Amino acid sequence: MNETITRVATDIGGTFTDLVSFEFDPNTGRSRVRTAKVETTPPDYEIGMIDVIRKAGVDLAQIDFLAHGTTVVINVLTERKGVKVGLITTEGFRDTLEIARGNRPDFFNLHYRKPPPFVPRYLRRELPGRMDYHGREMRPLDISPLKRILEEFVDDGVEAVAVCFLHSYANPAHEVAAEAEIRRLCPDLPVVSSHSIVREWREYERSNTTVLSAYVQPVAENYLQRLNDKLTASGFRGSPYVMQSNCGVDSLSATARTPITMVESGPASGIWGAAELGGLIEEPNIIALDIGGTTAKCSLIENGDVRITTDYWIERDRKSAGYPVMVPVVDLVEIGNGGGSIAWVDDYGKLHVGPQSAGALPGPAAYGRGGTDATTTDANLLLGRINSEYFFGGEMEADMEAVNRAVEAVGRKLDLAPMEAARGIVRIANNNMVNALKLVSLNRGFDPRDFTLVAFGGGGGMHAVELAQELGVTKVVVPADAAVFSAWGMTMSDFRRDYIVTHLTDFEPHTADSIEAGFRELEEAAREQFASEGVPRSNLAFKRFGKFRYQNQEHTTEIELGDQRITASRVPAVREGFESAYEREYTYRLDAPVELVGLHLTATAQVGKLSIERRPPSGRDASAAMQATRSVDFATDGIHDTAIYRGSLLEVGMQIGGPAIIEESGSTTVVNPNCSAEVDGFGNIVMSIGI
């Protein structure tokens, strides 16, 4: 009888699909880790997932736990490949979606145009009926116009309906009634109501989130069904979990109903992995950096806690306000700067890197698939930081002639030699990433020198040292199997759901009982929901947070409240916690009353997470892993004869002095001059940075 426990996670990125497999034998205590990477296969992403499982040699029939993260939802949104949506809202509020917000980013542009709503005006309809902000019915709902509205929707080719009524976060009764009538009249028409996704105020944000959820729902549900069918046909006997944007996993059926919750599932798994790794290596304060083929993502982890926010926007940049997605998402900054980011020169002779990407096809010029644009990967190849003879672990031959042509073309526009142009590309890419790292640290009142940088993804170890030097960070950790670290994070995730509701009240001792009652109501709702999916009540763990503000302010600051009851005696300490967090971010306090605006409850249940044991040092010298010496251009640290090490041959306790390059099949770690590296007990590369 096979008693081996096998946990597998797959992460579909914009360029590659990654896999991590843990196999643990409880009888012997031995474990085995397998990793694999294949190219992503749009639009049939499930094919790439099966490909990477087969490449890793994992038997689907023996998998006990399978987690899956995907970029399907964000791709559908950004590529506008969702379905035609009709919106039903409160009488007089059909234009909320178009009015949006006035906080335009390009403030002095007199020709600025708001991003067009995902639902045109002729598909936005109204129903009489009204709730106030307390959830009290001011006017009964009249659903009699629904029949005609739905007939017109069907005639116009509407494929999904979004329902969002005023103040339904306080009382969803009208939405529940309207949704039931829609399902009765058009049982085959998908319908999404705002209360099933968002229980917070802000009408525009709620409306847009509901619309976007309806926009992606049929596409995502179809994808998840195809994925499940393909897994079953290939021998998988369980039910897969899907990585959520809140750093937890959820069931496939629940995700199919509200797929907008996995809008940032890939980045979330990497950030969660960094937090879990921090717990293993006793580093609770971490800046996590994930550099992939298309983007770079970063987030700050304080005291082991990953920050979750509902203030998330897609397509927001210097020229566009973007679109709000009001679901729990890991608090991160994402920029278009990855290995495939294209270098280009504008009309004024200024060099840029990204946000455009060469993707997987044609990919960087080095791929030899017709790509003619120089990318960050091409520049690193030309500088010798990436080994052209060990490209993707020797699985691909780097087309260096194409690399030279692409970088030379950039150099001509700048009147620079190719090597100078390559240095410029790397330095510009680094500068873009430093600015992103400052947004999650300095801009929020945190000193990056108090944190450890955990860098992963295919390009994390490539750029980590230069970024750390710029920020004053003295310790960098490149995880074992960094190229597939996001998938590793999924294997360490818990079954998790976030319950966030608006609960506006003065934060005073006399309001403590009502606040406690609000949290207990959320906890009971979570217990019932998890129990309906077979999770025992005793397995649940809760964590409470509160969203606070000074009276009459617009936005809030969230702080953790611990697991103790909210009592009158706790109010002064909680208020001090809010004011301390507020002062750190905004540099001052106010002599003003404090309000509680929202309750945030996380409910988690473990799904068989494996523990990882530290290994003892091997006692061998790092020279056993040294392969060669070659000249490497470190861009900012000059050209040096550099020792090249094979990552697969490194063992616990081995020490390496810079300058050095550590090559693995899916990633490269650059150890700059005046820096050193050591392999810790978990196989991570820990670098001490010379500032």
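**Figure 1. Lining of the second largest cavity in the predicted model.** Thr 90, Leu 127, Gly 129, Arg 130, Met 131, Leu 141, Phe 165, Leu 166, His 167, Ser 168, Asn 171 and His 174 surround the second largest cavity of this predicted model. The structure contains 4 cavities of 30 Å³ or more.

**Figure 2. Surroundings of the largest cavity.** The largest cavity holds about 110 Å³ of space. Its lining is made up of 14 residues, and those nearest the cavity centre are Ala 100, Arg 101, Pro 115, Tyr 204 and Ala 321. Of the lining residues of the largest cavity, 8 are nonpolar, 2 polar and 4 charged.

**Figure 3. The second largest pocket, between domain 1 and domain 3.** The volume of the second largest pocket is about 1,500 Å³. It is lined by 49 residues, with His 195, Ser 196, Ile 197, Val 198 and Arg 199 closest to the pocket centre. Because domain 1 (5–78 + 234–264) and domain 3 (498–604) both contribute to the lining, the pocket lies between them. Strand 25 provides the largest share of the lining, 9 residues. Elements that each supply at least two lining residues are helix 5 (173–185), strand 10 (191–193), helix 6 (203–233), helix 7 (252–257), strand 25 (495–506) and helix 14 (512–531). The lining of the second largest pocket divides into 21 nonpolar, 16 polar and 12 charged residues.

**Figure 4. Contact between domain 1 and domain 2.** The domain assignment divides the protein chain into domain 1 (5–78 + 234–264), domain 2 (341–427) and domain 3 (498–604). A distance of 31 Å separates the C-alpha centres of domain 1 and domain 2. In the contact between these two domains, domain 1 takes part with 4 residues and domain 2 with 7 residues.

Figure 5. The strands follow the order 29-30-32-33 in an open sheet with mixed pairing. Strand 29 (626–633) and strand 33 (668–671) are the edge strands; each has a single partner strand, so one side of each remains without a neighbour in the sheet. Neighbouring strands of the sheet are turned against each other by 25° on average, direction ignored. Between strand 30 (residues 639–646) and strand 32 (residues 660–663), the pairing is parallel and extends over 4 bridges. Tyr 645 has Ile 662 of strand 32 as its bridge partner.

Conventions. Residues are numbered from 1 along each chain as its sequence is written. This is a predicted model: local features need pLDDT of at least 70, side-chain atom pairs count only at pLDDT 80 or more; totals for chains, interfaces and linings use all residues. Side-chain values use heavy atoms; hydrogens and water are left out. Two strands pair if DSSP finds at least two bridges between them. Axes are lines fitted to C-alpha atoms, for helices over the stretch in contact, and angles run from 0 to 180 degrees between N-to-C directions. On a 1 Å grid over the protein atoms alone, a cavity is a set of points where a 1.4 Å probe fits but cannot get out, and a pocket is an open set with protein on both sides within 12 Å along at least five of seven lines; lining residues have an atom within 4 Å of a point. Grid points are joined across faces, edges and corners, and a volume is the space filled by probe spheres set on the points. Ala, Val, Leu, Ile, Met, Phe, Trp, Tyr, Cys and Pro count as nonpolar, Asp, Glu, Lys and Arg as charged, and the others, Gly among them, as polar. Domain bounds come from an automatic or database domain assignment. Contact means heavy atoms within 4.5 Å.
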